[in-house]
Amino acid sequence: IRFYKEISRNMMLFTGAMEDTIAHAEAWHFGRMGRFLERAEKTCRILDMKYFILLPKVTDVGTSLDQLQWAALLKSTSGLQVYRRQHGSIDPKKIAEFLVLDREFPRAVRYCLIWINHSLHELTGTQAYSYNNIAEKRTGALLSELDYKEFPEILAYGLHEYMDHLQLQCNGIGDAIAKTFFSPGE
C-alpha cells in the first residue's frame, strides 16, 4: 500500500507542477491530452473489469460483496464522494452511467473527451464543432456519440461491448494524434 500511495502522491505533485508552472501552450495541451486520453481508456477498463471479472457468479449480484466492489470501483476513480453526493446509494447502472457519460466528473469518459477536443482545437486553431485533421474528426465524432447517447442504449448494446468500443475509439484517437502532430507526412 505504501508503494501505491507514493505513486499517487508523485502523480499529484507532477500534475500540480504541470498545471501551475508550465505555460498553457503547446506542451501543456499535449500533456493534458495524454492524461485525459489515458483516463478515458482506463475508466473503460475498470468498468469492464468489474463487470466481467470481479463478480463471476450471477447469484452475487446485489449482495453486500457486489455493493462493496462497486464502491471500491468508485473509490479507485476518486469518484465515491462525488457519486454519493449526486446519486446517494450504490446503484451499478448509475455508477456505470456516471463513469461514462458525466460531463463534470474528471474521470468520466465524456469529460475527458470534452477536454481532449478542446486542446486539439486550441493547438490547431480550428473552430469548435469542425475539424481540420483526423484527430479532431475522431475525437469530435466520439464526443458527439456520447453527447447523444442515453445509458439504456449502452446497456442494450452490452456494457462489455460498449467499453470495448470506447477503448478502441480512444486508441484510434491516440493514433490519430500521433499521425497528425508527430508524423504528418506518412
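Which helix is Phe52 found in? Select it and see: Phe52 is found in helix H2. Keep in mind as you click around that this is a predicted model. Is Phe52 buried or exposed? Its relative accessible area is 52%, and exposed means over 50%, so Phe52 counts as exposed. Phe52 and Tyr4 are 48 residues apart in sequence, and their C-alpha atoms are 24 Å apart in space.

**Zoom out: the whole chain**

Switch to a cartoon view. The protein chain has nine helices and zero strands, and along the sequence that reads α-α-α-α-α-α-α-α-α. The radius of gyration is 18 Å, close to the 16 Å that the globule rule gives for 186 residues, so the chain is as compact as a globular protein of that length. Along its principal axes, the C-alpha trace spans about 55 × 40 × 30 Å.

If you show contacts with a separation of 6 or more, 55% of them are accounted for by residues 24 or more positions apart.

**Stop one: the largest pocket**

Select Ser8, Met11, Arg39, Ser76 and Arg107. Of the 19 residues lining the largest pocket, these lie nearest its centre. Helix H1 (2-21) and helix H2 (26-54) are the elements that give two or more residues to this lining. H1 gives the most, with nine residues. The space in the pocket comes to about 800 Å³. Colour the lining by class and you'll find seven nonpolar, seven polar and five charged residues.

**Stop two: the second largest pocket**

Now pick Asn117, His121, Ala128, Tyr129 and Leu143. They lie nearest the centre of the second largest pocket, which is lined by 18 residues. About 390 Å³ of space lies in this one. Which helices each supply at least two residues of the lining? Helix H6 (109-124) and helix H7 (134-147) do, and H7 provides the largest share, six residues. By class, the lining has five nonpolar, eight polar and five charged residues.

Time to look inside. In soluble globular proteins, nonpolar side chains tend to be buried together. Here, the largest nonpolar core has 42 residues. The largest share, eight residues, comes from H9.

Stay with Val100 for a moment. Leaving out residues up to four places away in sequence, Val100 touches Leu47, Ala108, Val109, Arg110, Leu146, Ile154, Met163 and Leu166.

**Last stop: Gln167**

Finally, select Gln167, which lies in helix H9. Why does Gln167 count as buried? Its relative accessibility is 11%, and buried means under 20%, so Gln167 counts as buried. Show its neighbours too: not counting residues up to four places away in sequence, Gln167 touches Glu41, Cys44, Arg45 and Asp48.

Notes:
Residues are numbered from 1 along each chain as its sequence is written. This is a predicted model: local features need pLDDT of at least 70, side-chain atom pairs count only at pLDDT 80 or more; totals for chains, interfaces and linings use all residues. Side-chain values use heavy atoms; hydrogens and water are left out. On a 1 Å grid over the protein atoms alone, a cavity is a set of points where a 1.4 Å probe fits but cannot get out, and a pocket is an open set with protein on both sides within 12 Å along at least five of seven lines; lining residues have an atom within 4 Å of a point. Grid points are joined across faces, edges and corners, and a volume is the space filled by probe spheres set on the points. Helices (H or I, at least four residues) and strands (E, at least two) are DSSP runs, numbered from the N terminus. Ala, Val, Leu, Ile, Met, Phe, Trp, Tyr, Cys and Pro count as nonpolar, Asp, Glu, Lys and Arg as charged, and the others, Gly among them, as polar. A nonpolar core is a set of buried Ala, Val, Leu, Ile, Met, Phe, Trp, Tyr and Cys residues joined through side-chain atoms within 4.5 Å. Buried means under 20% relative accessible area, exposed over 50%, partly exposed in between (1.4 Å probe, protein chains only). Contact means heavy atoms within 4.5 Å. The radius of gyration is taken over C-alpha atoms; the globule rule is 2.2 Å times the number of residues to the power 0.38.
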